[in-house]
Amino acid sequence: MKRIYEPAAYAAEPGVYWHGTVTSPDWPRLSHDLRTDVAVIGGGFTGLVAALRLAQDGVGVVLLEAETPGFGASTRNGGFCCLGGSKAPHGLLRRRFGEDGAAAWYATEKAAVATVAALLQDHRIDADTHSEGETLLAHTPRAMAALRAEARTVPELYGVDPTLIEAGDMRAHGLGGPFHGALTTPIGFALNPAKYHAGLAAAAGAAGVALYAHTPVTRIDRQGATTRLCTPDGTVTADRVILATNGYSSDDLPPWLRARYLPVQSSVLMTRPLTAAEQEAQGWTSAQMAYDTRTLLHYFRKLPDGRFLFGIRGGLTATPRAQSAINRKIRADFHTMFPAWREVEVTHQWSGLVCLMANLTPFAGPVPGHPGLFGGLGYHGNGVAMGSHTGALLAALVQGKTPDGPYPPAMQAPPARFPLGRFRRSLLAPAYAAAALLDR
Ligand SMILES: Cc1cc2nc3c(=O)[nH]c(=O)nc-3n(C[C@H](O)[C@H](O)[C@H](O)COP(=O)(O)OP(=O)(O)OC[C@H]3O[C@@H](n4cnc5c(N)ncnc54)[C@H](O)[C@@H]3O)c2cc1C
């Protein structure tokens with residue numbers, strides 16, 4: 001596999017808190033040749049939801065995961081099931097897709113959250129949900145002025161009424177910290193991503209999906225009207241194939257993907273449960289999932305049992321030295337933002353890969369020039385909801401059906417290539433430096 005980071009970025013993460021909260025599904029390794037209607041590559045939210053929906057429609061499905069079930073970002077994330085998935089600002093969406101196309105994108109963000117809520121309910125998945133929508137925290141007075149303006153657009157874009165919280169009222173809302181006000185949009189909730197993933201995996205298995213782990217696809221070959229996937233100990237021949245590898249993709253699987261996605265690290269720490277007194281001391285008692293207005297944003301939330309999760313954008317390299325630097329940075333940022341918790345033990349710390357696109361919007365659809373091959377990726381760090389929704393879209397598309405949920409033009413545009421090919425991650429250094437300046 002041709003990948004653009006050091007091998008450590010693609011290695012197992014022993015420190016993920018979520019992994020200890022579930023019994024990991026036990027999928028066998030593929031050790032024979034198979035024939036199926038649809039093969040799915042990648043066992044995260046995108047692949048699992050696609051496979052589940054297909055099996056529910058009576059389609060034969062085989063899912064192949066290179067590592068352990070949920071190895072990628074799907075069981076490493078912050079569990080924000082929220083709006084998002086694109087980095088394109090409103091003006092750009094409008095210019096590229098028109099007023100209706102932009103509106104269709106916002107409807108999709110909202111529908112994606114509903115997709116997850118319905119999956120949790122339909123499959124009786126208890127994923128420790130909490131938070132009434134999402135809360136955006138202003139890191140400067142100027143950012144608060146922007147939030148006041150944003151509050152006026154929320155009803156039009158999402159059809160809900162947001163709540164503005166001025167600086168003086170933050171403590172009363174349990175949002176104590178270096179913030180200049182907040183905007184809560186009542187869409188979305190937080191969840192334990194490993195419990196959601198395990199619930200999806202159980203539902204997919206029960207619906208008839210053949211799930212395989214430790215089975216990397218190493219080649220994709222077109223053979224007449226079918227596609228043959230090679231893995232170390234077996235092949236899968238399928239009428240249709242779904243590529244659901246997101247930030248863990250390879251530039252040669254298939255070669256079309258080369259430079260069309262940009263993995264970026266994100267890192268998280270988790271504390272032990274905070275006592276009520278510790279929460280009061282900081283003034284943060286809220287159960288809201290929250291993030292700040294910085295471009296290089298911080299995201300955080302208090303779990304139902306009082307643990308505190310705090311995340312940042314990760315490093316540019318995945319060497320042990322770079323990882324140590326990120327571990328120090330995330331603690332430093334956490335202590336700066338929540339000084340009352342300096343002495344609180346951090347029990348877990350981990351990283352994973354999210355996926356950016358040159359178009360700034362995710363992709364879901366047929367891969368150009370590859371009959372029978374479909375792809376879904378590029379959620380810009382917001383794939384709990386959007387990855388799940390993309391899986392549902394792909395399940396319909398591979399069957400030649402019109403998707404039930406919104407499928408906006410923004411997701412249909414084939415991904416463009418980043419400049420610099422396999423060296424494209426060097427684009428991140430100047431982008432991060434510029435963002436850090438803007439964030440002051
Ligand atoms: C630290 C962190 C925090 C995040 N926080 C949030 C958050 O709070 N909210 C949110 O919405 N999003 C968040 N995200 C992003 C979100 O987790 C992802 O967008 C989402 O999980 C993507 O799901 P996926 O199924 O497309 O990809 P993944 O879950 O990454 O799965 C891809 C899978 O493909 C497999 N694979 C790759 N190549 C092959 C191959 N050749 N053969 C077989 N299998 C292969 C990989 O092993 C991997 O398991 C976060 C991500 C990280 C890393």
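1. How many helices and strands does the secondary structure of the protein chain come to? In this predicted model, the count for the protein chain is 9 helices and 18 strands. The C-alpha atoms, taken along the principal axes, fill a box of roughly 65 × 45 × 45 Å.

2. On overall packing, a compact globule of 440 residues would have a radius of gyration near 22 Å, and the protein chain, at 21 Å, agrees with that expectation. Buried residues account for 49% of the 440 residues.

3. The domain assignment divides the protein chain into domain 1 (18-78 + 194-261 + 358-438) and domain 2 (128-189 + 264-351), and the C-alpha centres of domain 1 and domain 2 lie 29 Å apart. The contact between them draws 11 residues from domain 1 and 11 residues from domain 2. On the side of domain 1 that touches domain 2, helix α9 (residues 428-438) contributes the largest share, namely 6 residues. By class, that side of domain 1 holds 6 nonpolar, 2 polar and 3 charged residues.

4. The ligand deserves a point of its own. Both domain 1 and domain 2 give residues to the shell around the ligand, and therefore the ligand lies between them. Of the 44 residues around the ligand, those that come nearest are Gly44, Gly72, Gly78, Gly352 and Gly383. The shell, sorted by class, has 20 nonpolar, 21 polar and 3 charged residues.

5. As for the elements that build this shell, α1 (45-56), β12 (262-271), β16 (346-356) and α7 (383-398) each supply at least two residues. Helix α7 gives the most, with 4 residues.

6. Helix α4 (residues 193-207) can be checked for its length: at 1.5 Å a residue, its 15 residues should span 21 Å, and the C-alpha atoms at its ends are 21 Å apart, so the two values agree. The helix is followed by Gly208, which has a positive phi, near 110°.

7. Is helix α4 mostly covered or mostly uncovered? It is mostly covered, since 11 of its 15 residues are buried. The buried residues of α4 are Pro193, Ala194, Lys195, Tyr196, His197, Ala198, Gly199, Leu200, Ala201, Ala203 and Ala204.

8. A last point concerns Pro304, which sits in the loop between β14 (298-302) and β15 (308-313). Pro304 counts as partly exposed because it has 14 C-beta neighbours inside 10 Å, a number that falls between the limits of 12 or fewer for exposed and 20 or more for buried. Although Pro304 and Thr129 are 175 residues apart in sequence, their C-alpha atoms are 8.1 Å apart in space. When neighbours within four places in sequence are left aside, Pro304 is in contact with Asp128 and His130.

Note on methods. Residues numbered from 1 in each chain as written. Predicted model: local features only at pLDDT ≥ 70, side-chain atom pairs only at ≥ 80, totals over all residues. Near = placed C-beta within 6 Å. Nonpolar A, V, L, I, M, F, W, Y, C, P; charged D, E, K, R; others polar. Domains from an automatic or database assignment. Expected span 1.5 Å × (residues − 1). Rg over C-alpha atoms; globule rule 2.2 N^0.38 Å. Contact = placed C-beta atoms within 7 Å.
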